Amino acid sequence: MFQIGGHILSSTATQKIPVSLVHTIKGLSPLFTVLAYRVFFRIHYAKATYLSLIPLTLGVILACSVEFSGNIFGVLCAFGGALIFVTQNIFSKKLFNEAARVEAEGPLPALTQRHQKLDKLNLLCYCSGLAFLLTCPIWFWTEGLPILSSPILLTPFPEAPAHKANLPLEFFFNGIFHFGQNILA
């Protein structure tokens, strides 16, 4: 659910404000992470950590003040997407640390081990499938119908043949390579 919400907010932000501004706002993720651990988990960091966040924050403020186009909704969506991804990182770190702790405590009975064992590849596979199923109707409504109802030129040259049959193949390869990138990350 984190991935879906974060991607929807990021995509909405990208529609409203420049991509560079969206990524600049996402650059505040370390600040959000440190603040979340400090506020919710009472974890204290070294003074150097807090001081290192000052130039980051000032740089983002400076970049946002130069690039801001007046669309507050887009900025709020970018902040929301960044906060969701930070929350996902904190949640998954706690989840995997707990799974590693349970595994380190020793072998469990076969029935409970199957339900408590969690690894990153299975989680990626389930999350990818779920994200596809949940975002497919949204994509089809916002982008799929316009694509199907209008002619598409996939090349910058009008004399080159552009077939709608190539588009699903391009989506398929895009998804495969994106999934492969996630596996390698």
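**Helical architecture and a nonpolar surface patch**

The protein chain exposes about 13,200 Å², of which carbon and sulfur atoms supply 71%; accessible areas come from the Shrake-Rupley method with a 1.4 Å probe, and for residues only the protein chains shown count as cover. The model is predicted, so that local features need pLDDT of at least 70 and side-chain atom pairs count only at pLDDT 80 or more, while totals for chains, interfaces and linings use all residues. Residues are numbered from 1 along each chain as its sequence is written, and side-chain values use heavy atoms, with hydrogens and water left out.

The protein chain contains eight helices and zero strands, where helices (H or I, at least four residues) and strands (E, at least two) are DSSP runs numbered from the N terminus. Of its 185 residues, 20% count as buried, a class defined by under 20% relative accessible area, with exposed meaning over 50% and partly exposed lying in between (1.4 Å probe, protein chains only). Among contacts (heavy atoms within 4.5 Å) between residues at least 6 apart in sequence, 68% join residues at least 24 apart.

Within α5 lies Cys77, which is buried at a relative accessible area of 5%. Leaving aside neighbours within four places in sequence, Cys77 is in contact with Leu9, Thr12 and Ala13; Cys77 and Ile8, 69 residues apart in sequence, are 8.8 Å apart in space, C-alpha to C-alpha.

Helix α7 (residues 120-149) contributes five residues, the largest share, to a nonpolar patch. This surface patch is formed by Trp139, Phe140, Trp141, Leu145, Leu148 and Phe171, with about 640 Å² of accessible area together. Patches are made of residues with over 30% relative accessible area and no salt bridge, like charges being joined within 9 Å and nonpolar side chains (Val, Leu, Ile, Met, Phe, Trp, Tyr) within 5 Å; a salt bridge is a side-chain nitrogen of Lys or Arg within 4 Å of a carboxyl oxygen of Asp or Glu. Leu145, found in α7, counts as partly exposed at 37% relative accessibility, whereas Leu124, Ala131 and Gly144 of α7 are buried. Centred on Phe140, α7 has a kink of about 50°, the bend at a residue being the angle between axes fitted to the seven residues ending there and the seven starting there.
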